Amino acid sequence: MSDGRPDPPKPSQSLSRAFAKFDLDGHDLPPSPAPSSPRNGKRYAIATELVYTEGSDQYGASSTPIYQTATFKQTSGSGGGEYDYTRSGNPTRTHLERHLAKIMNAERALVVSSGMGALDVITRLLKPGDEVVTGDDLYGGTNRLLKFLSTHGGIIVHHVDTTNADKVRGVLGTKTAMVLLETPTNPLIKIVDIPTIARATHEANPAAVVAVDNTMLSPLLQNPLDLGADIVYESGTKYLSGHHDLMAGVIAVNKASIGEGLFFVINSTGCGLSPFDSWLLMRGVKTLKVRLEQQQSNAQRIAEFLESHGFKVRYPGLPSHPQYQLHNSMARGAGAVLSFETGDTNVSERIVEAARLWAISVSFGCVNSLISMPCRMSHASIDAKTRQERAMPEDIIRLCVGIEDADDLIDDLSRALVQAGAVNLTTEGSFSAKDLGEASPKETVSNDIY
Ligand SMILES: Cc1ncc(COP(=O)(O)O)c(C=O)c1O
C-alpha cells in the first residue's frame, strides 16, 4: 500500500488460515486439464498426434471434461485464476486449441463458432481502404462476407483467378493487406500455388498476410503454414469433426502477434467455441485419419469410375487433372470432394434426385456421402451472372464422399445415372456418358484450366 502499511489479508487468505486443513483454494489439486497435449519435444506421426493427449484432470478423466460454466470463482478479490469468464477462456476450449496447434504445426490455434466466424475474425484485421486479393471460385459464404465488407467496410476486394500466379501479381501492391486463398477450390477443384503466391505477396508488401482456407483437405493432408501462409483457417464443421453434428471454425497462426490480434477479436465479440462443441470437436479430431483416408480412397474409385465412363471429372487424384503435379507438391492426398458435369442442368437435377445413398445436402466432410448441385445450393448466394463470369457450369454436380462401402456408392450412382438418362446403355449392359452436343454448357462456360 502507498502509506507503507502492510496489505490486509485477502478474503481467501483469511479463510484459508481459518480453515487450514481444508484446501479452499484448490492449490493441492492437479492443474486444470488445459495444459494437456504438450509439445514434449518429440513429434509423432500424425495418426499418433491426433489421438495423443496428456490430461491432467484431477480425476484422471481420459476424455477432457466439459467445463459447462460461464464463470470461474476467483482465487482472490483481484482475480488471479487461470480462467474467469468463458467468453475469454474455458479449459475445454483451451485443451482443444492446444491440441489443434500441435496438429496444425502452429504457434497458436483458436476455435470459434463456425468456419464463417473464423473468417469474420480474420477479416477484422482489415481497415477501410485495405485491399484483399482473392479467388474467383470461392465458397459462396466467403464470397458473401467479402462482398459485405466491400460495400459496408470500405475494403477493396480483387477477385482473380488465383490458379494463375501472374494474375495475382497483377493486382498485388503496397495496399494489399490480405491475400485469401482456397485450394482445392470448390466446386471447380482448381489448385492454387500457395508457396509462389505467399512469396509474391510478401514481396509486394511484407506486412500483408496470406490466409488459406484449408477446409477441403484438413491438416491431415495439407499444412498451409508450412507452405508460406501466415494464417490458416478451417470450417471445423467438416472433416475435423466429421459427423455433421456441430458447427465450428478453427484458426491457426505461426506468429504470436497475429494470434494475439485474433484472440482480441474473439474475446471482444464473444464468438469463441462453446465448451460442449469444443468437446465434440476434440472427439471428432481423434478419428480424422481413419475417416478421411477411407473417404479419400472411396473418392478415388468414384472419380476413376466416372472418368472411365466419359464424364468430365474434376478431382486432383486423377492424373488428368491439369494441376495434378502442383497439388501433389503441396498436399499429401487428394481429399474426398470431386465434381463432374453432365452437360445438361435438368439431367444433373435428375441424378441428384435419383440418388439414394447420396444424401442431397450442402456441406461436406461428413462420414455420410453427399450429393449436390452447387449452383442451386452452396453457391446460390453468388448471382447467376457472376457465376457465369467465373465459368461455373450450372450443371456441375458435387460429390462429397463418405466412409460407406465404395461398391455400394458406385452401384447407387450408376442407378441414378441410368434413371436420369445421363448415359447411353449398350446391349452388353455397360454405359457411357451421353454426348449432349453443341448446346452443352461444357463448351459455353469452360474455363482456362479445363
Ligand atoms: C471451403 C469452406 N470454407 C468455409 C466454410 C464455412 O464454414 P461454416 O459452414 O462452418 O461456417 C465452408 C462451408 O461450407 C466451406 O465449404
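Is Ser363 buried, exposed or partly exposed? In this predicted model, Ser363 counts as partly exposed, because 16 C-beta neighbours lie inside 10 Å, and a residue needs 20 or more to be called buried. Ser363 sits in the loop between strand S10 (359-360) and strand S11 (370-372). Its backbone deserves a look as well: phi of Ser363 is near 75°, a positive value in a residue that is not glycine.

**The loop between S4 and H7**

A second residue with a positive phi, although it is not a glycine, is Ile189, at about 50°. Ile189 belongs to the loop that runs between S4 and H7. Ile189 counts as buried, because it has 29 C-beta neighbours inside 10 Å. A cis peptide bond joins Thr183 to Pro184, and another cis peptide bond joins Asn186 to Pro187. The backbone angles are set out below.

| Site | Feature | Angle |
|---|---|---|
| Thr183 and Pro184 | cis peptide bond | omega about -10° |
| Asn186 and Pro187 | cis peptide bond | omega about 15° |
| Ile189 | positive phi, not a glycine | phi about 50° |
| Ser363 | positive phi, not a glycine | phi near 75° |

**The nonpolar core**

In soluble globular proteins, nonpolar side chains tend to be buried together. In this model the largest nonpolar core has 107 residues. The residues with the most contacts inside this core are Ala211, Ala229, Val250, Ile251, Ala252, Leu281 and Leu338. Helix H11 (residues 288-308) gives the most to the core, contributing six residues. Both domain 1 (13-286) and domain 2 (289-449) supply at least three residues each to this core.

**The ligand shell**

Which residues are closest to the ligand? They are Ser114, Gly115, Met116, Ser235 and Thr237, out of 15 residues that surround the ligand. By class, the shell consists of nine polar, four nonpolar and two charged residues.

Key: Residues numbered from 1 in each chain as written. Predicted model: local features only at pLDDT ≥ 70, side-chain atom pairs only at ≥ 80, totals over all residues. Core = buried A, V, L, I, M, F, W, Y, C linked by C-beta atoms within 7 Å. Buried ≥ 20, exposed ≤ 12 C-beta atoms within 10 Å, placed from the backbone. Helix = DSSP H or I, 4+ residues; strand = E, 2+ residues; numbered from the N terminus. Domains from an automatic or database assignment. Near = placed C-beta within 6 Å. Nonpolar A, V, L, I, M, F, W, Y, C, P; charged D, E, K, R; others polar.
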